[in-house]
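Visitor: Please take me through one part of this model in detail, and then show how the rest of the chain is arranged around that account. A plain description will do.

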Amino acid sequence: MSVNSTSTMMLRRALRGTRVPLVSETCGRTVRPATFAPSRTVASAARLPTITASETRRRPTARPYQQPMARSGAVGSPSSKRTIFIQTENTPNPDALKFIPNYRVLPEDFPTSFLEYLSPRQTLAPPYPSPLAAKLLDCEGVTSVFYGPDFITVTKANDTNWAHIKPEVFSLITQAVTSGETIVSVVEGSSAEGAEGGGEDSLVYNEDDDEVVGMIKELLETRIRPAIQEDGGDIELRGFEDGIVMLKLRGACRTCDSSTVTLKNGIESMLMHYIEEVKGVEQVMDEEEVVSMHEFARFEEKLRQQKGAAATASSPLDSAPA
């Protein structure tokens, strides 16, 4: 190897080991490279409103989840069905049951507080025919259907068991209410064979009533009628003559065995206590009821005679000794 090449290599090694000082070190201070942030422009219309101190302290609240509303007219939507709950109550009359649907039975502007259907013909006659009453009276064993403001009382025959007819009666009432069927129709015209109780309410105050009759109506309306309606019936005022208040019981109370006790111990005692002009209370019966009572009494007398004749024929003849 020549001397020139050796010196050249030594010079390169010396240069590699020598560090050249930076300009920043020679000046005694550190110079950092300048950085330029990208500029942003925000339109004045898109600027957020100023946040006040009260708003910064407001805690976020979770909103309740709301289910999307069903489309109108959709099959199975809640708005297309009517929910119903029918309650059944016993009455003092074992032959009558009170059904209370979550639905008003009589219209709001109905002239009286009740309707009573005693025969299938009455359910078709004007002015208040009722398809539901016609179906109920078509059930075997049902004798009458009574409509109160918000309840239905069904009365059966004495020899009919509720276990046999109650499911059918309950089903008919449920079907009529859930389907939106009109329970009582209002038809122009009048008929003597129409439902009973469709006229003007007998307990409504009339300007022609004297003071005593007005007091009787007020007591019957405020004190007595609510209790009788609770038992599935209603009451009518038929007149006031010579101190005697003539009343007519309806619904479950019409055929109840304790109706006489209700009149004497309950209604009569209250009226005589508050109104000194009242001397007593009597129950008024319609012509059909009087005829049926006479027929029933005649039938009982005939049975009694037949039993007496049979007992006499079956008894041994007393023979006297010779």
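Guide: In this predicted model, three strands make up an open sheet in the order β6-β7-β8, and their pairing is mixed. Its edge strands are β6, residues 233-241, and β8, residues 280-283, each of which pairs on one side only. From one strand to the next the twist averages 30°.

Strand β7 covers residues 244-251 and runs antiparallel to β6, with eight bridges joining the two. Within this pairing, Glu236 stands opposite Lys248 of β7. Two helices accompany the sheet. Helix α7, residues 259-274, packs on the sheet and touches β6, β7 and β8, and its direction makes about 145° with that of β8. Helix α6, residues 211-230, lies across β6 and β7 and runs at about 160° to β6.

The loop between β6 and β7 contains Asp242. Asp242 is not a glycine, yet its phi is positive, at about 55°. Most residues other than glycine have a negative phi, and most peptide bonds are trans. The relative accessibility of Asp242 is 77%, and because the threshold for exposed is over 50%, Asp242 counts as exposed.

Five strands follow the order β1-β2-β5-β4-β3, with antiparallel pairing. The edges are held by β1, residues 87-90, and β3; each has a single partner strand, so one side of each is left without a neighbour in the sheet. Here the twist averages 20° from one strand to the next. Strands of a sheet pair through backbone hydrogen bonds, either parallel or antiparallel.

Going through the pairings of this sheet, β2 (residues 96-100) and β5 (residues 152-156) are antiparallel and share four bridges. Leu97 stands opposite Val154 of β5. Helix α5, residues 162-178, packs on this sheet, where it touches β1, β2, β4 and β5; the direction of α5 makes about 25° with that of β2.

Strands β4 and β5 pair in the antiparallel sense over five bridges. The two form a hairpin, with four residues between them. Tyr147 has Ile152 as its bridge partner in β5. Strand β4 is mostly covered, five of its six residues being buried.

The structure holds four aromatic pairs. In one of them, Tyr117 and Tyr147 have ring centres 5.6 Å apart and planes at 70°, so the pair is edge-to-face. This pair links distant parts of the chain, 30 residues apart: Tyr117 belongs to strand β3, residues 115-117, and Tyr147 to strand β4, residues 142-147. Both Tyr117 and Tyr147 are buried.

One aromatic cluster is formed by Phe114, Phe146 and Phe151. Lys98 lies over the face of Phe151, 4.7 Å from the ring centre.

The peptide bond from Pro126 to Pro127 is cis, with omega near 10°.

For the chain as a whole, the secondary structure comes to eight helices and eight strands. The chain has 322 residues, of which 32% count as buried. Its accessible surface comes to about 22900 Å², and carbon and sulfur atoms account for 53% of that. Of the contacts between residues at least 6 apart in sequence, 62% join residues at least 24 apart.

Definitions and conventions:
Residues are numbered from 1 along each chain as its sequence is written. This is a predicted model: local features need pLDDT of at least 70, side-chain atom pairs count only at pLDDT 80 or more; totals for chains, interfaces and linings use all residues. Side-chain values use heavy atoms; hydrogens and water are left out. Two strands pair if DSSP finds at least two bridges between them. Axes are lines fitted to C-alpha atoms, for helices over the stretch in contact, and angles run from 0 to 180 degrees between N-to-C directions. Contact means heavy atoms within 4.5 Å. Buried means under 20% relative accessible area, exposed over 50%, partly exposed in between (1.4 Å probe, protein chains only). Accessible areas come from the Shrake-Rupley method with a 1.4 Å probe; for residues, only the protein chains shown count as cover. Rings of Phe, Tyr and Trp (its six-membered ring) pair if their centres lie within 6.5 Å; planes under 30 degrees apart count as stacked, over 60 as edge-to-face and the rest as tilted. A charge sits over a ring if NZ of Lys or CZ of Arg is within 6 Å of the ring centre and within 35 degrees of the ring normal.
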